[in-house]
Amino acid sequence: MASNISVFASRTVAFSTRLLSGKSNNIACRAFSVSTTNESSRTPIGFIGLGNMGNHMAKNLHKQGYPLVVNDVYPEASAELQDLGATVVDTPAEVADKVDRIITMLPSSPNVIEVYSGTGGIFETVKTGCLLIDSSTIDPTVAQEVAGMADKKGALYMDAPVSGGVNAARDGVLTFMVGAKTDEFEAAKEILQYLGKNIVNTGPVGTGQAAKICNNMMLAISMIGVSETMNLGMRLGLDPKMLASILNTSSGRCWSSDTYNPVPGVLEGVPSSNDYKGGFGTALMTKVRQDK
């Protein structure tokens, strides 16, 4: 079972002792303000990265009336949003040329560096004062490096990784961990409120990623524990649904058991009941360590 579960233990603890610098950008070129929903809905937002999470997040912005300019390395990923009326462009640079607020949701640190600073990247055309919200889960030091590059371009970058999984992204109830100054955080919250129910300012740039790594470490440990527990119970002749119901009303209750149970058939709408497709895979759990 442990070899098949959607989430597995990682070496994310490697970064838990890293001391973040605590620096953040000082952007004086634009005064961010919170506008009304109707006013915001007329301002296009760029969205780059339309995978399992990003696709749902972008669709939730569309439901709120935001015109979207989108890009994904796989053109087919943009098809559904294009049918909904989004403008699809070929490169991140084209996104940055058309909007002054961009959300990125990418798999790893190298992908973030490429999308922001590579050929055809955001920094080729980014506008002065552009708000860049990166919801990827990456190395905290990479977030700080990208923030520094954005500062040189007169733009504002903040890390805003998420937790909750694909279903939470679909339902607009994600938790966001946002590394930004207080006033900058409010500008991001104006958008993120339509994508999540818990939006937390963790401190300066990079601290969002630090919080996410801590969360991932706990998630990996609990998922292994649930997997081994369920395996043990089934080998001892217990029905998995019955066992899960006991665990979920007892002291062993946790998210890995009651919301994302790794045993097929115990819960509907989770990867274990879909041949382990989708969700947060082991490669993503280990990526932070691999990026270094």
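This is a predicted model: local features need pLDDT of at least 70, side-chain atom pairs count only at pLDDT 80 or more; totals for chains, interfaces and linings use all residues.
Where does Ser256 lie?

1. **Ser256 and its surroundings.** Ser256 is found in helix H11. With a relative accessible area of 0%, Ser256 is buried. Its side chain is joined to the side chain of Ser222 by a polar contact of 2.8 Å. A polar atom of the Ser256 side chain also lies 3.5 Å from the backbone nitrogen of Met223. If you set aside neighbours within four places in sequence, the residues in contact with Ser256 are Leu219, Ser222, Met223, Val226, Asn261 and Pro262.

2. **Helix H10 and its buried face.** Helix H10 covers residues 240-247, and its buried residues are Pro240, Leu243, Ala244 and Leu247. Why do these residues line one face of the helix? Seen down the axis of H10, they fall within an arc of 100°, so they line one face. Helix H9 (207-235) and helix H11 (255-258) are included in what covers them. Have a look at the start of H10 too: there, a side-chain oxygen of Asp239 reaches to within 3.1 Å of the backbone nitrogen of Lys241.

3. **How H9 meets H10.** The axes of these two helices come within 10 Å and cross at roughly 130°. An angle from 65 to 115 degrees would count as roughly perpendicular and one over 145 as roughly antiparallel, so H9 is oblique to H10. The crossing in which H9 passes H10 is right-handed. On the H9 side, the contact is made by Thr229, Met230, Gly233 and Met234, and on the H10 side by Pro240, Leu243, Ala244 and Leu247.

4. **Phe176 in strand S8.** Moving on to a strand, you will find Phe176 in S8, which spans residues 174-179. Phe176 counts as buried because its relative accessibility is 0%, and buried means under 20%. Phe176 and Gly196 are 20 residues apart in sequence, yet their C-alpha atoms are 6.8 Å apart in space. Leaving out neighbours within four places in sequence, the contacts of Phe176 include Met57, Ser135, Ala160, Pro161 and Val162. Also among them are Leu192, Leu195, Gly196, Asn198, Ile199 and Val200.

5. **Helix H2, mostly covered.** How many of the 10 residues of H2 are buried? The number is 8, and the helix is mostly covered. The buried residues are Gly54, Asn55, His56, Met57, Ala58, Lys59, Asn60 and Leu61. Take Asn55 as one of them: it sits in H2, which runs over residues 54-63, and at 10% relative accessibility it counts as buried. Neighbours within four places in sequence aside, Asn55 is in contact with Leu50, Ala77, Glu80 and Leu81. Just after H2 comes Gly65, with a positive phi of about 95°.

6. Asp275 has a phi near 60°, a positive value in a residue other than glycine. Tyr276, which is not a glycine either, has a positive phi of about 60°. As for accessibility, Asp275 counts as exposed at 60% relative accessibility, whereas Tyr276 is partly exposed, with a relative accessible area of 21%.

Notes: Residues are numbered from 1 along each chain as its sequence is written. Side-chain values use heavy atoms; hydrogens and water are left out. Buried means under 20% relative accessible area, exposed over 50%, partly exposed in between (1.4 Å probe, protein chains only). Helices (H or I, at least four residues) and strands (E, at least two) are DSSP runs, numbered from the N terminus. The arc is that of the directions from the helix axis to the C-beta atoms. Contact means heavy atoms within 4.5 Å. A polar contact is a pair of N or O atoms within 3.5 Å; within protein, one must be able to donate a hydrogen and the other to accept it, and residues adjacent in sequence count only if both atoms are side-chain atoms. Axes are lines fitted to C-alpha atoms, for helices over the stretch in contact, and angles run from 0 to 180 degrees between N-to-C directions. Angles under 35 degrees count as roughly parallel, over 145 as roughly antiparallel, 65 to 115 as roughly perpendicular and the rest as oblique. A crossing is left-handed if the near helix is turned anticlockwise from the far one by less than a right angle, and right-handed if clockwise.
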